[in-house]
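Dear colleague,

Please find below the structure that I am handing over to you. My findings follow directly after it.

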Amino acid sequence: MTQQNGSGPEPIRVLVVDDQELFRRGLTMLLAAETGIEVVGEAGDGVEGTNLATTAAPDVVLLDIRMPKRSGIEACLAIKQAVPSAKIIILTVSDEEADLYEAVKSGASGYLLKDSSIEEVAQAVRVVADGQSLISPSMAVKLIDEFKQMSRPEQNHVPGLRLTDRELEVLRLVARGMNNREIARQLFISENTVKNHVRNILEKLQLHSRMEAVMYAVKEKLLDLP
């Protein structure tokens with residue numbers, strides 16, 4: 001997220017990329033009315049979106065998956081390479097587990113369905129701009145279920161890395177979709193302490209996002225999931 005200037009925090013710069021013009025225009029107008037958010041551009045396909053992201057350097061990019069010329073997944077990879085600081089939120093009608101998995105692998109920090117309210121989309125923009133991850137609750141359940149299925153055929157083993165009891169506790173709450181503030185309240189610790197735990201977890205797992213950490217943890221049976 002953009003740092004403060006003399007008069008306070010600068011708005012979060014958002015780019016909207018979607019081939020459905022009415023949806024894109026409506027979302028742009030609604031986001032522009034949100035406090036602390038500035039829409040710096042809109043694009044109708046993945047190629048145009050990637051080019052615009054390179055020149056506009058947005059903090060957050062909202063990407064559809066099904067788009068002409070370049071899909072949202074391909075655009076996500078291209079934008080992360082061109083503008084590493086940009087956070088990507090996939091905003092789509094697709095509730096397919098495979099699309100969610102590919103989005104996470106491609107570096108997306110968020111995955112929302114298009115039936116989300118404008119308040120939910122705006123909150124997701126603020127959350128990912130703050131370095132956190134967010135996915136629709138229904139998709140979070142699918143993500144966990146998919147990796148539970150992947151982990152079952154594997155033999156039981158103890159991974160070489162070691163997480164502390166507190167780090168495992170934090171990871172379990174992250175897996176339940178909680179943000180840093182909610183985790184802090186649940187564990188009676190500060191948000192900064194939660195951020196430190198999450199950073200340590202990612203370093204130990206050698207991963208780059210909270211969602212990747214949860215996926216890895218489920219696969220390696222680090223979480224006590226039914």
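**Strand pairing and the sheet**

Ile89 stands opposite Gly110, a residue of strand S7. Please note that the model is a predicted one. Strand S6, which covers residues 87–92, and strand S7, which covers residues 110–113, are paired in the parallel sense through four bridges.

S6 and S7 belong to an open sheet of six strands, whose order is S4-S3-S5-S6-S7-S8 and whose pairing is parallel. The edges are formed by strand S4 (37–43) and strand S8 (134–135), each of which pairs on one side only. Helix H3 (residues 72–82) packs on this sheet, where it touches S6 and strand S5 (60–63). The direction of H3 makes about 165 degrees with that of S5.

**Helices H8 and H9**

How do the axes of helix H8 and helix H9 cross, and at roughly what angle? The axes of H8 (residues 180–187) and H9 (residues 191–205) come within 8 Å of one another, crossing at roughly 110 degrees. H8 is therefore roughly perpendicular to H9. On the H8 side, the contact involves Asn180, Arg181, Ile183 and Ala184, which meet Glu191, Val194, Lys195 and Val198 of H9.

**Aromatic rings**

The structure contains zero aromatic pairs. The ring of Phe23 does, however, have the charged end of Lys114 over it, 4.4 Å from the ring centre.

Yours sincerely,
A colleague

Key:
Residues numbered from 1 in each chain as written. Predicted model: local features only at pLDDT ≥ 70, side-chain atom pairs only at ≥ 80, totals over all residues. Heavy atoms only, no water. Phe/Tyr/Trp six-rings, centres within 6.5 Å; stacked < 30°, edge-to-face > 60°. Lys NZ or Arg CZ within 6 Å of the ring centre and 35° of its normal. Axes fitted to C-alpha atoms, helices over the stretch in contact; angles between N-to-C directions. Helix = DSSP H or I, 4+ residues; strand = E, 2+ residues; numbered from the N terminus. Parallel < 35°, antiparallel > 145°, perpendicular 65-115°, else oblique. Contact = heavy atoms within 4.5 Å. Pairing = 2+ DSSP bridges.
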